[in-house]
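Open the model in your viewer and keep the selection tool at hand. The stops below say what to select next and what is there.

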Amino acid sequence: MTDFLLELRSEEIPARMQVKAKEDLARLFNDALAKAGLAAASVETFATPRRLALIATGLPLATDAVSEETKGPKVGAPPQAMEGFLRKAGLTQDQLIERDGVYFAVVEKAGRQTADVLAEAIPAIIRAFPWPKSQRWGAGSASTESLRWVRPLQGIVAILGDDVVPCEIEGIVSGTATMGHRFHHSGPVTIGNAGDYAEKLRDAHVLVHFSERCALIRDGAKAAAAAAGLTLVADEGLVVENAGLTEWPVPMLGRFDPAFLEVPQEVIQLTARVNQKYFVCHDSAGKLANAFVCTANIAAHDGGAAIVAGNEKVLAARLSDAKFFWEQDLKVALDDQATKLTQITFHEKLGSVADKVERVARLARWLVEEGILGPCSPAQAGAQPANNDSSDKVLDPGLRRGTQELADQAERAARLCKADLVTGMVGEFPELQGLMGGYYARAQGETDAVADAVRDHYKPVGQGDEVPTAPVTVAVSLADKLDTLAQFFAAGMPPTGSKDPFALRRAAIGFLSLLLQNDLRCSLKDMLLATGAGNSFDSLEEFLVDRLKVQQREAGVRHDLIDAVFSLGGEDDLVRLLARVKALQAYITTAEGANLLAAYKRAANILKAADGVDAAAPAPADLVAEERALLTALDTAAPNAAAAVDAEDFEGAMAALASLRAPIDAFFDGVMVNDEDPAKRAFRLGLLARFRDAVTQVADFSKVEG
Amino acid sequence: MSDIAPLSFQDLILTLHDYWGKQGCAILQPYDMEMGAGTFHTATTLRALGPDPWNAAFVQPSRRPTDGRYGENPNRLGAYYQYQVILKPSPPDLQDLYLGSLKAIGIDPLLHDIRFVEDDWESPTLGAWGLGWEVWCDGMEVTQFTYFQQMGGFDCKPVSGELTYGLERLAMYIQNKDSIFDLAYNNATADRPAITYGDVFRENERQMSTYHFEVADTDMLFDAFKKATAECESCLARSLPIPAYEQAIKASHIFNILQARGVISVQERASYMGRVRDLAKGSCQAWMEKNGWTA
């Protein structure tokens, strides 16, 4: 048994690719070993900006001899089959073995030296390496077939035990020499074996363990902040990125002019993080401090004073840009910015962003005026469906005033919500859309409700994001998503397959989350018609129900039950639909529910086979007890279930159905449906039809799986 | 900074010329047309194509009308200077050669944090792209370092290594100045005082910003764009890639001014860029054909 070291040294590997590259190297190496019939006791991988490495322990020195048997043609098979088999096996017929009337080719493979296996595997791994982007370089690149690597490959260290595994790829010959830190060490570092790799490089100012560099940065940055009496804002993404940019990480604290703290702290954090890869700090009051932590790749002569001074200057230049944008943007009212939205195309078929804003403003007001969104949240008010009889609303002048106020705020927020797209700050940092609008709205004296709505109206962005609950925000966010969905579907641009260029799936999930989380009661059809985008939205409704299935999967709601309720038609209040589905699921998963489902399926099968079923077929004079019991049960259960559904008492509806379970089971046990007497048969089929119809008032059980 | 006196702006250029000249680069003069970046110089664009070795270094005045700030912003200019080096094929020690140039201009890599940070370069108007880095010095981007993979839509065979130094940024760094306009352009002698970058260029920035943002006649420019396009095509029809390419450069610059004037809408922007790209690609193709090189 012995150990093996492989190091692939190159020019700087992008930080974001290193973690995945380690995994790929381990996988390709293990695959190559397995193919040769070898396995290592352990495989550890390393990545730094300038090297990707692997140490495998416990490798045998050679592979075992193996005997490989391949099944061939039967004795007496056509000569062509035999010839083909022999050609493939590289054997003559007398070398084959015959067993049970079948020929077998047996090839004895001698064991191979592990070093030989590796010498072949290394170039193959390099050529097969799945970098997200790779390049050609140097004189060899005169051919486009030349070697590709993430950046120019410079050296290969391959040592099995204490010996070099000789191999070559495009003029790069394997050896024992690598390079240390780019600036702290000059000349080659000679590696003896896998065991001294990490230590030799540590002596040359290279920490090959990714996790060690991460820990140094994580702890060092924290300590640097603490030494200044500050708290580091932890950011694991930055830890990993800085570990991918350094071989000898040295975190250091720098400062910036506190005057920059006037700029919203998200802006400071973003420019520090994204542009400069700096951590930010909080002061003892939990506020953003005028300090940052950068991670250098050297232990500088002067203790890092020059590096810190340089980084402070760079950040100051960036922050003064940000401050300039902030101050310039504050000089222009959002209403004036909004007029520039006529210049920005939302989509060539759907007009400008200004057009969209107009539609969203109208829709947001409509959502409030229809009572879908109330001045107090529906949950507080006690959820009731929107009532189309407007006389109800006239009754309470206080409520009406509240509604008008909310409608005004929703419309106002909607008119301002996209205005930040033309500000200097969002032009520079597009990811701050919404957030900056919120700041600018508050600064120009909008109410908190309006400013919050401007800030949060993009939310929720996908599943798992925070779902707004403030009524004004919900109105604008809902209107925005509703408009996007309805417009793109009406213009014939739904998502297809994996293509969803307008992120309509995400908009749908956001729309559904807003409805469900806030318990908003409304007919989906009414809402879609209110967008003014078209007259018919069947495909969009189906799309939304599909998205509902995806969204509810995590919560364990069964997709077939959603279909079972939705396919009844007429149920397009999604909040009510989901309540119904949940009640159905609770019942159908009990033993009793399963029995009722089985009885339904049995009834449906019998009805399908019969022709001319009449639910109102007259009862013959001599009813058997089971018939009578079912008839009585149906007379009660059918109207009870219908009434319960109307009252949105879905548990009650299930209870009504449950009362049918015993009579229907008894009916099937004691009665032959297809009786010779046509009158009896017609009546019994009619009973089953009534049973089916009663059940179907609650859900279309034919869609239920199982 | 380091022990030696920091280089003036002109000495920075002279030092780089000296360094790269000694590495075997031909020291060329700027291309005598308005362009947005050194990459547009024929010594880069056209010479990056084909099999012949090519090593050159030059300063290229680069005009970015939309970046003009009337000489008011200490970090932004509508016209600035790039130092460009192109080595074909890319030598195996290109990074070391580059680091040598930083040492030559007075940057000590054990005092300053030099880093190669992923940054892939792409020029949609030239149909070109490459992989490489932005080089950071204490967090400041001082150079773009690229291995050209394609130019004008053609694979580079072999690949060139291209370095683009931002001279003003580098000088601000070396001289420790907070404003471009305070940079020492040269050094004083006993008889003659030193001048600053601002002494030389600030008025240009003011006037050119006014011109690009407020004055430039857009009808004339739209017309000129059309004419440059037509001229490029007529040169291509006569197999004259170099004059054709000059018209592509001209069209590109006119487009940049129109952008600064704010008269090109977001939708139109892509179409204008596509037209410039077609001209540049056509010129590259004609250059390949003229030289008898196949794609």
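Helices (H or I, at least four residues) and strands (E, at least two) are DSSP runs, numbered from the N terminus. Two strands pair if DSSP finds at least two bridges between them. This is a predicted model, in which local features need pLDDT of at least 70 and side-chain atom pairs count only at pLDDT 80 or more, while totals for chains, interfaces and linings use all residues. Residues are numbered from 1 along each chain as its sequence is written, and chains are lettered from A and ligands numbered from 1 in the order in which they are written.

**Stop 1: a hairpin in chain A**

Select residues 42-48 and 51-59 of chain A, which are strands S2 and S3. S2(A) and S3(A) make a hairpin, with two residues between them. The strands run antiparallel and are joined by seven bridges. To see one facing pair, pick A:Ala47, which stands opposite A:Leu52 in S3(A).

**Stop 2: a sheet and its helix**

Next, show strands S13, S15, S16 and S14 of chain A, which in that order form an open sheet of four strands with antiparallel pairing. S13 (231-232) and S14 (250-255) of chain A each have a single partner strand, so one side of each is left without a neighbour in the sheet. S14(A) pairs with S16(A), residues 288-296, over six bridges. Within this pair, A:Leu253 stands opposite A:Val293.

**Stop 3: a lysine before S15**

Go to A:Lys277, in the loop between helix H7 (265-275) and S15 of chain A. Its phi is near 60°, a positive value in a residue other than glycine. Is A:Lys277 buried or exposed? A:Lys277 counts as buried because it has 21 C-beta neighbours inside 10 Å. The cut-offs are 20 or more other C-beta atoms within 10 Å for buried, 12 or fewer for exposed, and partly exposed in between, with C-beta atoms placed from the backbone.

**Stop 4: helix H24**

Select residues 625-646 of chain A, helix H24, which has 22 residues. From its first C-alpha to its last it reaches 32 Å, close to the 32 Å expected at 1.5 Å a residue (1.5 Å times one less than the number of residues). Where is the kink in H24(A) centred? The kink, of about 25°, is centred on A:Leu634; the bend is the angle between axes fitted to the seven residues ending there and the seven starting there.

The buried residues of H24(A) include A:Leu630, A:Ala637 and A:Ala641. Its buried residues pack against helices H25 (650-670) and H26 (678-696) of chain A. After H24(A) comes A:Glu648, with a positive phi near 60°.

**Stop 5: two cis bonds**

The peptide bond between A:Lys459 and A:Pro460 is cis, with omega about -5°. A:Pro460 is in the loop between helix H16 (448-456) and helix H17 (471-490) of chain A. In chain B, select B:Lys88 and B:Pro89, which are also joined by a cis peptide bond, with omega near -5°. B:Pro89 is in the loop between strand S3 (79-88) and helix H2 (94-104) of chain B.

Definitions and conventions
Contact = placed C-beta atoms within 7 Å.
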